[in-house]
Amino acid sequence: MPEKCPDIPDEIWEQIISKFDQDRFLVPLSMLSRRFLSLTNQAKQTLSISDPTARLLPRLLRRFPNLKHISLSDFHGDPDSILLLIAQFRFPLESLDLSNLKRLPVEGIRGLPVSSLRSIKSLKLRCLSVLSDWDLGFIAQWMPNLEELDLSEPKDDYRGDADDMAASVITDDGVESLASKLSSLRRIRLSGNYLISDKSLDSLPEKCDKLEEIVVDKCNFVTQDGISNVLRKCVNLKSVSFLGMDIIAPDISDSLACARNVSVLDFSYMRVSDGLLFAIVKACLPLKKFTLFHCENFTFSGILALLRTYQSLEYLALEGVYFLNDRSMIDLSKFLRNANTVKLNFCSRLSDSTFFTLVKNCPSMNSLEMEKTNLGKQEFAVNNVSNPRLRALNLASNKTLTNECLDQIAAACPNIQVLDVSNCLAISRKGVGDILRKCNELRHLQISGCGQVKNLGVNVDVPKLEVLRASGSGLTDEGMAMVGKRCEGLMYLDVTCCNSITSRGVLEVVGSCSKLREINLNFCRITDKSIVPRMVLTAKSLRKIVTPRGLVCTEDEKNFFWEHGCYVCEG
């Protein structure tokens, strides 16, 4: 008889489970036994609170005692009441996301225990309707140990008197006050705060000597002088992002030479001259990530010089660079052997030749984006191409991408897990079927807008596919039946605007995919109201259904579905 394996202590299981992707593995693990249910409850650290989950919040907070990261960015109710409820459990919070709220929930924050407030290192306040200098002072007082703060893109939806409007936005005075009290601040995002100026960029380096990252996109009063000041004075600065300003190379060269630790540079919608690129070359930075997003005024010579100098780049984005062509990419690819992410979206002169050149010459690359280029055309052939490390491809909106090209891509990149070919109008079920047949690791597929894709191909099993986004595609009931039979691991399905799908096709998927958690049927031509209860009662795993527009459920019906664990909402 084989010797019985000794029982593994909970402490060891906890260490093992902590290495798992929580979103993907904790739920199936929790279903194995009572012991694993208890272990996964202890391991869960992240909770996103939305309108439906708010109903179960007391139960969830009791179930997960070690929450560290809480988000209310998808919640539309009263945030103060939610935070006051969270306060009762005294979680060791590390991050709090309050983005998209109408205002800062002052009363709720005041109600949190001091231990939780002092342990919070990251606070996100992105896209608040109103965010003011007073709010910044409050944040600095109540969360003194913040290291990351996102104040970007306030909506400025103030509806009071015009005289009081100035008191409802962020100004230099608010930033200076904040900086003076948050000595541990490492990262700050100020994009879209249109009243801040160079004065804010003067105060941040003086008061926050640990600052590593600053993002000031769409700040009209921030000039090159402010940028130069940050580069000179922030000795720990690692990441800088700018949008929509002109930088004169001779004036910033000395400042770049002082920025010895900058590893990330991001320029968007700017005039970037070759002089600036040569200044970056001369500065000899420890550069790892470089982005030019829809910039102009530079040439191939500037890019070539930069890549020749920084051959250790791990991330390169050259998006909307109109002069790049297949021949020029041969020269650039020689210096990208260490790049793991390359983005060439909106470079309309790049074809299949560039794709296969990069796959061949960039052995470290695991993610490639060539959205809205010229895939499907070929200037020259590239032979002996293979990259088993490539995991993610974004090839969306390539109108000339063909089934034959997709077949070649599948042969060259057999281990891709994420593929986006949405709005590639020339591909059909044959092209999709070929890539699914050869890429057995595929987990996320996007075919939205692909009108010729009626199904996923003949005799294709995709057991690892978890996400299928097929809005506006040509999927039919037969195609849905095939999804149900071949995609046993499917968890999310979006068939918005698929006019050929009826209740029969939907029930085929729901009845066969035992792990399906969410389905979106918005704008589908389904009028049979009985489909919703049939779905809820058939699929025990379903947690959210977005019904077709016009198919309305009563509140009593929604409550009934919710009692069965499924949130139903109209499209």
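How far is the sulfur of Cys553 from the closest cysteine sulfur, and in which residue does that closest sulfur lie?

Modeller: The sulfur of Cys553 lies 9.7 Å from the closest cysteine sulfur, that of Cys569, which is too far for a bond. This is a predicted model, in which local features need pLDDT of at least 70 and side-chain atom pairs count only at pLDDT 80 or more, whereas totals for chains, interfaces and linings use all residues. Residues are numbered from 1 along each chain as its sequence is written, and side-chain values use heavy atoms, with hydrogens and water left out.

A disulfide is a covalent bond between the sulfur atoms of two cysteines. Here it is taken as a pair of cysteine sulfur atoms within 2.5 Å, and a search of the whole structure finds 0 of them. Cys413 is likewise in no disulfide, the nearest cysteine sulfur being that of Cys439 at 7.4 Å. Cys553 counts as buried, at 6% relative accessibility; buried means under 20% relative accessible area, exposed over 50% and partly exposed in between, with a 1.4 Å probe and protein chains only. Cys413 is buried as well, with a relative accessible area of 0%.

The interior may be considered next. A nonpolar core is a set of buried Ala, Val, Leu, Ile, Met, Phe, Trp, Tyr and Cys residues joined through side-chain atoms within 4.5 Å. The largest has 178 residues, and Phe267, Ile280, Phe290 and Phe355 have the most contacts inside it. Helix α14, residues 274-283, gives the most to this core, with 6 residues; helices (H or I, at least four residues) and strands (E, at least two) are DSSP runs numbered from the N terminus. A second, separate core of 6 residues includes Leu26, Leu29, Phe36 and Ala43. Contact means heavy atoms within 4.5 Å. Beyond its neighbours within four places in sequence, Phe290 is in contact with residues including Leu265, Phe267, Leu277 and Ile280.

Ser273 is placed in the loop between β9 (264-268) and α14. Leaving aside neighbours within four places in sequence, Ser273 is in contact with Ala249, Asn297 and Phe298.

Asn345 is buried, with a relative accessible area of 3%. Its side chain reaches the backbone nitrogen of Glu371 at 2.7 Å. Not counting residues up to four places away in sequence, the residues that Asn345 touches include Leu318, Gly320, Met370, Glu371 and Asn394.

Methods. A polar contact is a pair of N or O atoms within 3.5 Å; within protein, one must be able to donate a hydrogen and the other to accept it, and residues adjacent in sequence count only if both atoms are side-chain atoms.
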